[in-house]
Amino acid sequence: MAAGVSRAQGADPSTLTVGLILLVVLVFGISGAANAVDPRFGAHAWMLTIAAFAWLAGLLIWHEESEPGQRFDKTYYEEGVVKAGVIATTLWGIAGFLVGLIIALQLTFPNLFYFPDWGWTNFGRMRPLHTSAVIFAFGGNALIATSFYVVQRTCRTRLAGGMWPWFVFWGYQLFIVLAGTGYLMGISQSKEYAEPEWYADLWLTIVWVAYLAVFVATLLRRKEKHIYVANWFYLAFIVTIAMLHIVNNISLPASVFGAKSYSLFSGVQSALIQWWYGHNAVGFFLTAGFLAIMYYFIPKRVERPVWSYRLSIVHFWSLIFIYIWAGPHHLHYTALPQWAQTLGMTFSIMLWMPSWGGMINGLMTLSGAWDKLRTDPVVRMLVVSVAFYGMATFEGPAMSIREVNALSHYTDWGIGHVHSGALGWVGFVTFGALYCLTQWVWKRQKLYSNALVEWHFWIATLGIVLYITSMWVSGIMEGLMWRAYNEFGFLSYSFIETVSAKHISYIIRALGGGLYLIGALIMAYNLFRTARGDVPAEDRKNVPAAPANLQPAE
């Protein structure tokens, strides 16, 4: 009895607050399930109910079985949530790549992959599932896991917030499940990269504010006076995505117990805000956040300082100022005023300089350690990701020029460009970080198999090359066919003729996506064996040892 009272009195405020939020979600879920005006919302209400109940039960069990003094021991880094993030990133990545391969095959062999009785398998529902799984599930979990790892090490303090980091992790997984299942059921706002409906958006806002609070609170309690540049990039990513998400998703629900909502914006204002959001989601989610990974993991892996810290600061401030203005280049030749289109194009071209400054800084960090490209395949993966970053940030500004955009927009060229950044830059830098984190947080002196990393690197690289080159050829051919006229002033080709002409390119694209998926499966096996401690007998002297978990002595 006394022990129970003592535990209750020793309850951490963060645990109580998280429990209260879960209780509110549970009540909302039960109310939604009982009063749903459409069955799809009812299904999500039941998901919320089950998730909140299971989460509360797990929280109570953990609270009863753990000793108060050991729950959030400040003499140790919080590595459990980082481990969970590594696992989630790996699993969501495989799921996202698999769905991407399925929809690539649907476009290549539509008769073979058409299931009229299964509406959830339609391309229109699977495609946003793929983009969200890769960007937000795979990429988002990578950013949360790496940011929680990096901010602790560079600040020399445990994550702030007690239970809140775990709330961020599990709350984000709940959002992903709500979004993904919603797509398959046909729940969508029809906004690119912002398809989830109002209640999922509201839940993500709560989770994201908690993420920002944990990150900032950790910075404020740091024992290292200097704030390392990676943390500046992480902070810019978190703050800007919060702003973009809230403004772009302001909407009025048709019913508190229904999925449907109506956006606050309409017409050209809606288009401008959507692409202010859409392009800066790329700029701050898929660029700034992953540049933070580059600025920590490359120097750490090669055991060299950043080549130019001054350049990294210039890179940061110029990138975040210029990027936010570039969105209108997605709206060339639309009802958007031409001055706004030109503004977006101008700032897009200006992005060349900071982007390439960051690329050069990342590559030159290997000065004095170039031999690691030959001996450590993880370093090779990280460095090649930076090369893809440079290529994508050259191609993007070029495609923003109005005359080039007239050829490239709405064609497969855009698909090739997006995937050169997603597969090459985001994918490879994430893979490199996962290899590092698995070795470091599970305290392994080496990866299970460097040979498997080699296989992963070359198979995935071949997949990327096949993918983007096939889309470049397909897209340019498509654009030229669309603008071809005969001597009578009529279009030379019908739409179906352009589709037929792209068939070979689509086969090559599916092959490239399949190879990339195989590489990810190889990585998952390697990470699993590493985490389990199954290290082969052969010596791997060139892999750095795992850093200690204990805080440095004061």
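1. Does Arg153 count as buried or exposed, and what is its relative accessibility? At 13% relative accessibility, Arg153 counts as buried, where buried means under 20% relative accessible area, exposed over 50% and partly exposed in between, with a 1.4 Å probe and protein chains only. Please bear in mind that this is a predicted model, in which local features need pLDDT of at least 70 and side-chain atom pairs count only at pLDDT 80 or more, while totals for chains, interfaces and linings use all residues. Residues are numbered from 1 along each chain as its sequence is written, and side-chain values use heavy atoms, with hydrogens and water left out.

2. The structure holds 11 salt bridges, a salt bridge being a side-chain nitrogen of Lys or Arg within 4 Å of a carboxyl oxygen of Asp or Glu. In one of them Arg153 pairs with Glu79, with 2.4 Å between the closest N and O atoms. This pair links distant parts of the chain, since Arg153 belongs to helix H5 and Glu79 to the loop between helix H3 (39-65) and H4, 74 residues apart; helices (H or I, at least four residues) are DSSP runs, numbered from the N terminus. Glu79 also counts as buried, at 8% relative accessibility, and together with Arg153 and Lys443 it is part of a network of salt bridges.

3. A further salt bridge joins the side chains of Arg127 and Glu192 (2.9 Å, N to O). Here too distant parts of the chain are linked, with Arg127 in helix H5 and Glu192 in the loop between H6 and H7, 65 residues apart. Arg127 is partly exposed, with a relative accessible area of 26%.

4. Turning to the aromatic residues, a search of the whole structure finds 48 aromatic pairs, counted when the ring centres of Phe, Tyr and Trp (its six-membered ring) lie within 6.5 Å, with planes under 30 degrees apart called stacked, over 60 edge-to-face and the rest tilted. Trp208 and Phe237 form an edge-to-face pair, because their ring centres are 5.6 Å apart and their planes stand at 90°. Trp208 lies in helix H7 (residues 198-220) and Phe237 in helix H8 (residues 229-248), 29 residues apart. Both partners are buried, Trp208 at 7% relative accessibility and Phe237 at 0%.

5. Phe237 also pairs edge-to-face with Phe285, the centres being 5.5 Å apart and the planes at 80°. As Phe285 lies in helix H9 (residues 267-302) and Phe237 in helix H8, this pair ties together parts that are 48 residues apart in sequence. Phe285 is likewise buried, with a relative accessible area of 2%.

6. Ring pairs also link a cluster whose members include Phe97, Phe138, Phe457 and Tyr516. Arg380 lies over the face of Phe457, at 5.4 Å from the ring centre, by the criterion that CZ of Arg or NZ of Lys is within 6 Å of the ring centre and within 35 degrees of the ring normal. Lys260 is placed over the face of Tyr262, at 5.2 Å from the ring centre.

7. Two backbone values deserve a look in the viewer. Arg156, in the loop between H5 and helix H6 (164-185), has a positive phi of about 55° although it is not a glycine. Tyr410, in the loop between helix H15 (402-408) and helix H16 (412-441), has a positive phi of about 70° and is not a glycine either; Tyr410 is exposed, with a relative accessible area of 64%.
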